[in-house]
Amino acid sequence: MDIGFAAVMLMQTVVHMTTPASPVLPTVNIAHAEARPFVETADAMRDVDTALAAAVAGDDKVIVIMGANWCHDSRALAGWFAMPRFATMLSGRYQVVYVDVGTPQTGHGRNLDIAKRFGIKKVKGTPLVMVLSADGKLLNSPKDAASWRNAASRSEQEIFDFFDGFTPA
């Protein structure tokens, strides 16, 4: 919830209280910080290859999050992944790679060849989330990979359950 909105709600609640002895104040639920892990200058293809090699060694899957720091949904998903509950669940199961894609919607994309490498022809929005096997096979459908463009609107539990119980498409 936006802090400014919370302040307005708080003021409205105080103004409209009828029983001063037991005020009911709205709560502000800031569940996670929005992380900014997307690095424009990273060698993203090398990072993906490194994650795939680590996945083979650890019998893991790889999550490639193609997004950008300007994207609210990309930052929100990365923020959830940084939370201890998610970090614990992801550790030992997944290698996570953040790939900066620039602004593909405006023709200023970068690292788009990574999506093509795994069978996704076009990055239309961010984040695009690919779950890969250790041998580089796309395990979720291209449609599912693109569906994460609403990551900030998904609940913590929905996101957690998806990755915790992930089964290939």
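Biologist: Which backbone nitrogen does the side chain of serine 74 reach?

Modeller: In this predicted model, serine 74 has its place in helix H3. Apart from neighbours within four places in sequence, serine 74 is in contact with Phe38, Gly67, Ala68, Thr126 and Pro127. At a distance of 3.4 Å, the side chain of serine 74 reaches the backbone nitrogen of alanine 68.

Biologist: Is serine 74 buried or exposed?

Modeller: A residue counts as buried when its relative accessible area is under 20%. The relative accessibility of serine 74 is 0%, and therefore serine 74 counts as buried.

Biologist: What is the order of the strands in the open sheet of three strands?

Modeller: The edge strands, each of which pairs on one side only, are strand E2 (94–100) and E5. Strand E1, which covers residues 61–67, runs parallel to E2 and is joined to E2 by seven bridges, and valine 64 stands opposite valine 97 in E2. The pairing in this open sheet is mixed, and the order of its strands is E2-E1-E5.

Biologist: Which helix packs on the sheet, and what angle does its direction make with that of E2?

Modeller: Neighbouring strands of the sheet are turned against each other by 15 degrees on average, with direction ignored. The helix that packs on this sheet touches E1, E2 and E5. It is helix H2, residues 44–58, and its direction makes with that of E2 an angle of about 175 degrees.

Biologist: Where is valine 129 found, and is valine 129 buried or exposed?

Modeller: Valine 129 is found in strand E5, which covers residues 128–132. Leaving aside neighbours within four places in sequence, the residues in contact with valine 129 include Ile63, Val64, Ile65, Trp148 and Phe163. Because its relative accessible area is 0%, valine 129 is buried.

Biologist: How many Å separate the C-alpha atoms of valine 129 and aspartate 144?

Modeller: Along the chain, valine 129 and aspartate 144 are 15 residues apart. In the model, the separation between their C-alpha atoms is 7.9 Å.

Biologist: Why do the buried residues of H7 line one face of the helix?

Modeller: The buried residues of helix H7, which covers residues 156–164, are Ile159, Phe160 and Phe163. An α-helix has 3.6 residues a turn, so residues three or four places apart point the same way. These buried residues of H7 pack against E1, helix H3 (72–82), helix H4 (84–90), E2 and E5. Seen down the axis of H7, the buried residues line one face because they fall within an arc of 100 degrees.

How values were computed
Residues numbered from 1 in each chain as written. Predicted model: local features only at pLDDT ≥ 70, side-chain atom pairs only at ≥ 80, totals over all residues. Heavy atoms only, no water. Helix = DSSP H or I, 4+ residues; strand = E, 2+ residues; numbered from the N terminus. Buried < 20%, exposed > 50% of the residue type's maximum accessible area, 1.4 Å probe, protein only. Contact = heavy atoms within 4.5 Å. Pairing = 2+ DSSP bridges. Axes fitted to C-alpha atoms, helices over the stretch in contact; angles between N-to-C directions. Arc of directions from axis to C-beta. Polar contact = N/O pair within 3.5 Å; in protein donor to acceptor, adjacent residues only side chain to side chain.
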